[in-house]
2 protein chains.
Amino acid sequence: MTLSEPRTTQETPAKEGVSRRALLGTAGATGLVLGAAGAGVGYAAAPDGATPLTSVGADEVAFHVKHQPGILQGLQARGHVVAFDLAAGAGRTEATALMRRWSRTAERLMAGEASERGDTGIALDAGPSALTITFGFGHSFFARTGLEKQRPVALDPLPSFSSDHLDKARSDGDLWVQIGANDALVAFHALRAIQKDAGSAAKVRWQMNGFNRSPGATAHPMTARNLMGQMDGTRNPKPSEADFDRRIFVPASGSENPAWMANGSYAVVRRIRMLLDDWEKLSLAAQEQVIGRRKADGAALSGGSETTAMDLEKTDANGDLVVPLNAHARISRPDQNGGAAMLRRPFSFHDGIDPDGTPDAGLLFICWQADPLRGFVTVQRKLDRGDALSKYIRHESSGLFAVPGGAEKGGYVGQGLLEG
Amino acid sequence: MTLSEPRTTQETPAKEGVSRRALLGTAGATGLVLGAAGAGVGYAAAPDGATPLTSVGADEVAFHVKHQPGILQGLQARGHVVAFDLAAGAGRTEATALMRRWSRTAERLMAGEASERGDTGIALDAGPSALTITFGFGHSFFARTGLEKQRPVALDPLPSFSSDHLDKARSDGDLWVQIGANDALVAFHALRAIQKDAGSAAKVRWQMNGFNRSPGATAHPMTARNLMGQMDGTRNPKPSEADFDRRIFVPASGSENPAWMANGSYAVVRRIRMLLDDWEKLSLAAQEQVIGRRKADGAALSGGSETTAMDLEKTDANGDLVVPLNAHARISRPDQNGGAAMLRRPFSFHDGIDPDGTPDAGLLFICWQADPLRGFVTVQRKLDRGDALSKYIRHESSGLFAVPGGAEKGGYVGQGLLEG
């Protein structure tokens with residue numbers, strides 16, 4: 001049972017931010033595993049006496065990078081998103097101190113170290129496990145801190161969509177933190193540390209948990225699969241594409257954004273409930289008509305493989321379009337939306353069952369873009385008018401957050417805003 | 001980022017039930033990863049053209065084994081437990097058909113195959129990922145199926161404990177299913193398949209989710225750690241111990257159990273909420289006094305390492321016992337409880353936050369024993385009278401289930417009961 005694995009990088013491989021330490025860990029672990037594999041026994045000490053970290057644990061993401069961690073990294077097996085509201089009486093001073101504490105904690109935990117303020121010990125024994133901690137500011141943050149003039153226009157409230165069934169108590173918030181890791185205890189440890197840091201300055205407004213496939217669970221260089229069983233993210237923009245940065249990140253200059261958002265991005269966060277009992281009653285063929293792609297391999301119904309371009313005009317023997325006009329994958333295509341693109345980086349969620357026995361499960365949708373109006377809003381408006389999938393999903397919460405660029409060495413996230 | 005890992009087997013290594021297919025997968029994957037490691041690229045095809053499964057995915061547990069799977073296997077990263085009640089009007093005939101369907105589904109899914117009845121596709125691309133599905137019968141099952149005479153005495157209701165705050169709606173049930181896997185989508189896929197199989201014969205009574213550390217997240221041959229940050233399971237009985245089988249499994253003959261329970265075990269399932277906000281206010285030293293062990297390495301406060309025997313008499317300079325009389329680890333010792341022993345195989349749980357902001361998190365306690373009165377009840381009675389930990393936990397639900405031995409080839413779980 002001692003196995004080796006390539007790491008799952010899915011559609012959004014890291015362009016940056018994986019430290020040399022993790023790579024060094026790799027070589028050490030590989031050699032040891034080979035020695036122990038035949039015997040099928042436990043762990044061996046490294047030559048220098050230290051126990052080496054193994055695959056999942058050794059992955060380490062750097063905190064001080066151009067774009068905050070948790071945007072470009074591959075999907076993680078476990079995630080938490082949590083929104084905070086500043087406490088009554090807390091303002092810019094308290095927020096500044098909090099962002100300093102949070103940044104310090106993020107830097108330490110992402111390096112596999114303990115937090116400075118009464119570490120809970122939950123992550124003891126484990127490596128960083130690709131932990132990322134990402135911070136954002138919501139619309140309401142700016143009035144509470146007297147920073148209205150620094151509020152980006154892009155944070156103006158999203159329009160309403162006919163499919164929205166939003167719970168205000170689980171939407172929005174002054175501050176937003178996204179935590180992801182390939183180990184559930186490492187992620188929970190970070191969540192508790194972030195909550196402890198909040199102290200009397202901020203209170204949790206809402207909090208949600210999610211998950212993705214474990215690294216190594218599949219040998220396919222696959223797109224993620226969601227709880228409807230569909231591949232999800234096939235057409236996600238790729239860092240290798242020429243216009244990727246322009247679409248996903250705020251430029252350092254020359255945009256309508258305030259200067260403190262340079263290299264930042266905007267996150268739209270939605271709890272999208274899947275009506276799985278209804279969905280699973282559909283035949284496979286009916287599900288594929290709704291999506292416009294084959295379930296097994298994600299190929300468009302017009303043929304080919306997952307990456308083959310969709311033939312929007314192709315008709316069958318009866319003259320009907322093989323990819324229906326209301327198919328989700330047709331409507332959401334960037335070339336059907338003026339080039340709109342967002343980087344989707346979701347988690348699935350499953351919070352048990354409702355009293356009537358239906359699963360409280362779906363997609364913790366998180367997407368990233370330089371401009372929400374040209375990204376999420378453009379696509380969602382189109383979907384809102386005719387997506388065949390809309391019968392099987394329900395948007396239950398919504399948040400929009402300004403996520404500044406990564407902190408400089410010695411600095412903290414949001415420093416340009418809070419000290420600007 | 002292409003890494004290798006030893007598999008985490010923790011305290012309860014499998015004695016049986018890992019198929020040759022998984023081991024063959026190992027060799028194949030290892031060779032390929034070595035080839036790809038330097039390049040840092042994705043996945044390579046196996047020589048025969050098939051894509052090999054990788055570490056986590058390749059682990060496969062056999063369904064037809066002496067003891068049901070999910071008892072002796074190492075802790076899994078993701079788990080679901082779900083209880084069903086037979087539908088009104090359903091009796092022995094419907095229950096028999098259901099156990100046949102469930103067993104067939106468990107066999108297929110544990111081998112990485114699709115279910116026979118409208119597979120959802122959620123596990124497509126992934127290997128079995130150490131999936132186990134385990135079935136049990138609750139006290140109420142027997143009257144509903146006219147099988148009262150076959151009901152084991154060991155299923156008599158557990159006594160009440162002063163620390164119980166039990167929610168009846170989340171306790172007990174006619175039927176119980178435990179699902180575990182090292183991939184969250186594989187586990188959810190199994191849960192949905194089991195629910196679909198239930199059809200009109202049974203309805204979900206309650207359902208809970210849990211998790212453990214991911215394989216490879218740590219390089220230590222460690223005992224599990226819980227959400228209080230404590231090592232949990234240090235004194236778990238080990239399959240290598242002479243009396244392990246006698247304590248954990250019902251013998252094939254010579255006990256008070258009905259014949260259909262041969263090679264079976266009894267599972268006690270409790271949702272133990274941890275009052276983490278209170279717990280985390282304690283200093284590290286205070287927490288260690290409550291437990292009686294050091295947090296970092298699990299060693300008894302009397303010294304040594306995790307496996308060093310606890311010195312119950314050792315005193316400090318003031319003459320006080322270094323392991324307090326009410327320390328959890330002292331009170332729960334088998335040698336303090338007439339040799340009582342149970343195999344604890346829990347998941348942690350975290351279901352977000354309560355309206356007051358406190359985390360709804362703790363231990364999904366699952367323990368296995370040949371006799372609940374000599375296992376769980378003996379220890380819990382002792383804890384109930386003086387465990388220092390009791391201030392920081394709350395038992396919120398309870399179930400007791402008879403888990404028969406594994407199904408024979410061509411047979412199904414519970415056949416000896418339902419056709420006996």
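## Contacts, cavities and ring pairs in a predicted model

Apart from neighbours within four places in sequence, Thr105(A) is in contact (heavy atoms within 4.5 Å) with Ser115(A), Ala193(A), Ile194(A) and Asp197(A). This is a predicted model, in which local features need pLDDT of at least 70, side-chain atom pairs count only at pLDDT 80 or more, and totals for chains, interfaces and linings use all residues. Residues are numbered from 1 along each chain as its sequence is written, chains are lettered from A in the order in which they are written, and side-chain values use heavy atoms, without hydrogens and water.

Thr105(A) belongs to helix 3 (residues 92–110) of chain A; helices (H or I, at least four residues) and strands (E, at least two) are DSSP runs numbered from the N terminus. Its relative accessibility is 5%, so Thr105(A) counts as buried, a term for under 20% relative accessible area with a 1.4 Å probe and protein chains only.

The whole structure contains 18 cavities of 30 Å³ or more. A cavity is a set of points on a 1 Å grid over the protein atoms alone where a 1.4 Å probe fits but cannot get out, and lining residues have an atom within 4 Å of a point. Grid points are joined across faces, edges and corners, and a volume is the space filled by probe spheres set on the points. The largest cavity has a volume of about 700 Å³. Among its 37 lining residues, the closest to its centre are Asp232(B), His328(B), Ser332(B), Arg344(B) and Leu383(B). Helix 10 of chain B gives the most to this lining, with five residues.

Rings of Phe, Tyr and Trp (its six-membered ring) pair if their centres lie within 6.5 Å; planes under 30 degrees apart count as stacked, over 60 as edge-to-face and the rest as tilted.

| Pair | Centre distance | Plane angle | Class |
|---|---|---|---|
| Trp176(B) and Phe401(B) | 5.3 Å | 5° | stacked |
| Phe244(B) and Phe249(B) | 6.5 Å | 70° | edge-to-face |

Trp176(B) lies in strand 4 (residues 175–181) and Phe401(B) in strand 12 of chain B, so their pair ties together parts 225 residues apart in sequence. Both Trp176(B) and Phe401(B) are buried. Phe244(B) is likewise buried, at 0% relative accessible area, and Phe249(B) is buried at 3%.

In chain A, one aromatic cluster is formed by Phe137(A), Phe141(A), Phe142(A) and Trp260(A).

Methods:
On a 1 Å grid over the protein atoms alone, a cavity is a set of points where a 1.4 Å probe fits but cannot get out, and a pocket is an open set with protein on both sides within 12 Å along at least five of seven lines; lining residues have an atom within 4 Å of a point. Buried means under 20% relative accessible area, exposed over 50%, partly exposed in between (1.4 Å probe, protein chains only).
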